[in-house]
Amino acid sequence: MGSSSSRMDHIPNAEQLMQETGFSAAHILRLYARFEFLDKDERGELRPEDFGALRGLAMNPIGDRIIGAFFSRGKETVDFPSFVRVLANFRPTETNTIRDGGQSFSRTRKLKFAFKLYDQDRDGKISREELLQVLRSMLEQQVTEEQLQSIAERAIQEADLDQDDAISFEEFKKSLERVNIDEKMSSHFLR
Amino acid sequence: MAALWTLSPLLSACLFWPTCLALTPGAEPLQPQNLPLSLGFNSSDGSPSLDLPMALRVFSVDYHHVQAPFEIVLWIMLASLAKLGRVPAVVPESCLLIMVGLLVGGVIYGVRHSAPPTLSAEAFFLFLLPPIVLDAGYFLPGRLFFENLGTILWYAVLGTLWNVLGIGLSLYGVCLLAHSSLGDVSLLHCLLFGSLIAAVDPVAVLSVFQEMHVNEQLHILVFGESLLNDAVTVVLYKLFESFLRLPSVSGVDVFLGGCRVLVVGLGGLFVGLFFGLLAALTSRFTSRAQVIAPLFVFLYSYLSYLTSEMLHLSGIMAIVTCAVTMKQYVEANVSERSNTSIQYFLKMWSSVSETLIFIFLGVSTIQDVHMWSWPFVCSTLLLCLVWRASGVLLLTAVVNKLRRNTVTFRDQFIIAYGGMRGAICFSLVFLIDDFPKKRLFITTTIVVILFTVFVQGMTIKPLVELLDVKRKKRGLHTVSEEIHSRLIDHLLAGIEDVVGYWGQHYWKDKFEQFNKKYLRRFLIRDDHQAHSSILRVYQELERREQRGDEEAPPVVDPRSNSRPLLPEEMESIRRILSRNLQHFNNMQRPAYSRHTLHQDATMDRVRKPLHRHQSLGERYTYKAQGEDGEFKSSRRGRAGLSRSHTVCSMSPRPVLQDASVPAASAPARGQVDPNSEASIEEQISPQQQEAPLERSARKQLSFVLESEKQP
């Protein structure tokens, strides 16, 4: 695999990325190839339209939110390190090798990512309106408004412990404590 | 309760009276039937009658006329009464049923001094097995099944092959060693025996596992394997049987045999698919004859089974595929009552079937056909256990590398130990062509079945507790969990799209889109497609609240945060979520229990809504729009009015009448179509305006098209 090492030179900070995210060299290469594929006009960075070209993502009910999650606050483009960092959130955690601290850390990181999908205004809380928007996009046109309202109401009732009519991150985490997040939020192709 | 157990000898006493039984092959022919009222003629049927010399009979008993149905009913009655008895917790139900069967068999034998009726293979395969498999397939948790499909196939196909070859060859070795007594058992015979004894039986597995609450993944692995290995078993059995008839076996034959496995399995699958889709289509037109709608479900499933049996394909696979395919469409098309009927009937039939099978197993044990041989029987038992354990260990070691959720050692133990043999082996062994050692095979099979059901069945539960298998998490999901889980599913699908690999989510989403675009449109009745669950819940909520306002339909008061949600309401919310969030699996307890339906069915006492509610919805939306100016500020909707007012308050813009593409004024808002029942509003975050704008426009357009379909 001599060619791979030369290709790795094209990737800036590859070593650092591998350290940070835990991806293997092969993965970084694969992701870089994918990145280049998505980057149609070869700018070295991705824009929302590049993501939007993926049909599956365009038809995804929360596709725009997922795309938005790649872009950090205020930035209009995604460079390769950020791309990889976002994807690193979805690496499956090996339960044998990570001790307790590491495992819960990765779980928290995954949950934070999911939380950010809801919390578009980044105020640290999922308000009722934000929840409603997500519900609306997921349920599409199949329910009436009052159904949506009652569902959102119920969800907030269940999770909201400090009665501020919004779901904070801690409450979010608590409401999902029975769900095996590590399993659900990993794509084992990113192992 | 003990009294019920004494009823069984009474019933068996009734049963020994007739001289033949419909279920026994090669029984004495039925005596000639007589007219029930034989005026003036002394009947020569031998049935006891009052000894009146005169022509006219006032009272006569003509048993032979009703003999066949009478006995069948008596057997079923015995089975059903046996179910009423309360069983001690440590003994699984299957064991008790076999014991009842043994008792009845013993009584019959003792009274008649001849063999009691046996379970004929035909009756078993044609009448007793299909209801059980249909029930299992209908209530299969689809999503879980498909997620684990690779592993299940791995265990089913490869595991069974490993077991068959292993047991067959080892037994041949044993026969060679004990040449004196077992010398005339050839290799092919051993392989044939191996093929029928190696297969895990779904009936036995189900009946034992449902009493243990293991986690769903484990359950689906064992259960799925027992269902799918039927294809392999059927093929190998028939293969070896035909080899036995051939003068010689060549390599080509073996290769052809391998191809047959594929053909049998896939053939069964396609037959099932075909009939499933046909059934779904038929159910679309049953609106005028609601009462017979359930019948179609049963008829089509049974047809698929019979067709594949006729073509020598795997009947079990066909019927399972049929059930899985047609379930969602039938449930959408057919009224609530019909749905409940379907479910109840399935449960009932499968329950009775299962009971009958186990009782007959017990009865058939008491026979004259036994031949005992210590080395053969003991080595068979041992080899079954050893080969299964080794097979599971090896296969799991390989499959764990590819699975996300590894199968732990404890799970492996349960899979290996829970591989029980049942009535399928029993029937297959009877079908073997006669040869000198056939009776030995029969005896060994019975011993193996009894051993697995009794010993393994009784000890598996304590062993599970000992090993502390990860228990299935009890309790239903909360609404939050469902929403968030679904969000994460979508998220993963999106991420995998970005990464470009086809994970499981990819196929699931693809299928769901295909399903929604083509299948659902085609197979589900038009007016049922979008509104069923909405309006049903709508009506339910309406009934719940009984608020004074007549125009605006009453909804849950947003202020009442502390009001505990009624269980029915909770159920209705769950129903919406589980339907509309396109979940495959049943959110309720996995309904493998023979005796209870999942709660879903019992909640549906509400009939399908009428168009009246649609108009209510329209009026409601109008009213909401009129008042939205007032409630701009109350984002939280604490003004005590219905919810959608708060939603409408988010769009201070006046409602536009046409649903054309929104002008590119920033920030663009969605539009409300007054003809529809739901209003869609898309809030576009300032970051991405361009791509989502087109998406929302597309959505609006498609939404308009959808709403125009409404009558």
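Analyst: This is a predicted model: local features need pLDDT of at least 70, side-chain atom pairs count only at pLDDT 80 or more, and totals for chains, interfaces and linings use all residues. Residues are numbered from 1 along each chain as its sequence is written, chains are lettered from A and ligands numbered from 1 in the order written, and side-chain values use heavy atoms, without hydrogens and water.

User: Which residues make the nonpolar surface patch of about 510 Å²?

Analyst: Patch residues have over 30% relative accessible area and no salt bridge, and nonpolar side chains (Val, Leu, Ile, Met, Phe, Trp, Tyr) are joined within 5 Å. A salt bridge is a Lys or Arg side-chain nitrogen within 4 Å of an Asp or Glu carboxyl oxygen. The members are B:Leu153, B:Val157, B:Leu158, B:Leu161, B:Leu165, B:Leu169 and B:Leu187.

User: Which helix gives the largest share of the nonpolar patch?

Analyst: Helices are DSSP runs (H or I, at least four residues), numbered from the N terminus. Six patch residues come from one helix of chain B. This is helix 6, residues 149-177.

User: Is B:Gly362 buried or exposed?

Analyst: B:Gly362 lies in helix 14 (residues 336-365) of chain B. Buried means under 20% relative accessible area, exposed over 50%, partly exposed in between (1.4 Å probe, protein chains only). Because its relative accessibility is 0%, B:Gly362 counts as buried.

User: Which residues does B:Gly362 touch, not counting those up to four places away in sequence?

Analyst: Contact means heavy atoms within 4.5 Å. B:Gly362 touches B:Ile98, B:Gly101 and B:Leu102.

Methods: Patches are made of residues with over 30% relative accessible area and no salt bridge: like charges are joined within 9 Å, nonpolar side chains (Val, Leu, Ile, Met, Phe, Trp, Tyr) within 5 Å. Accessible areas come from the Shrake-Rupley method with a 1.4 Å probe; for residues, only the protein chains shown count as cover. Helices (H or I, at least four residues) and strands (E, at least two) are DSSP runs, numbered from the N terminus.
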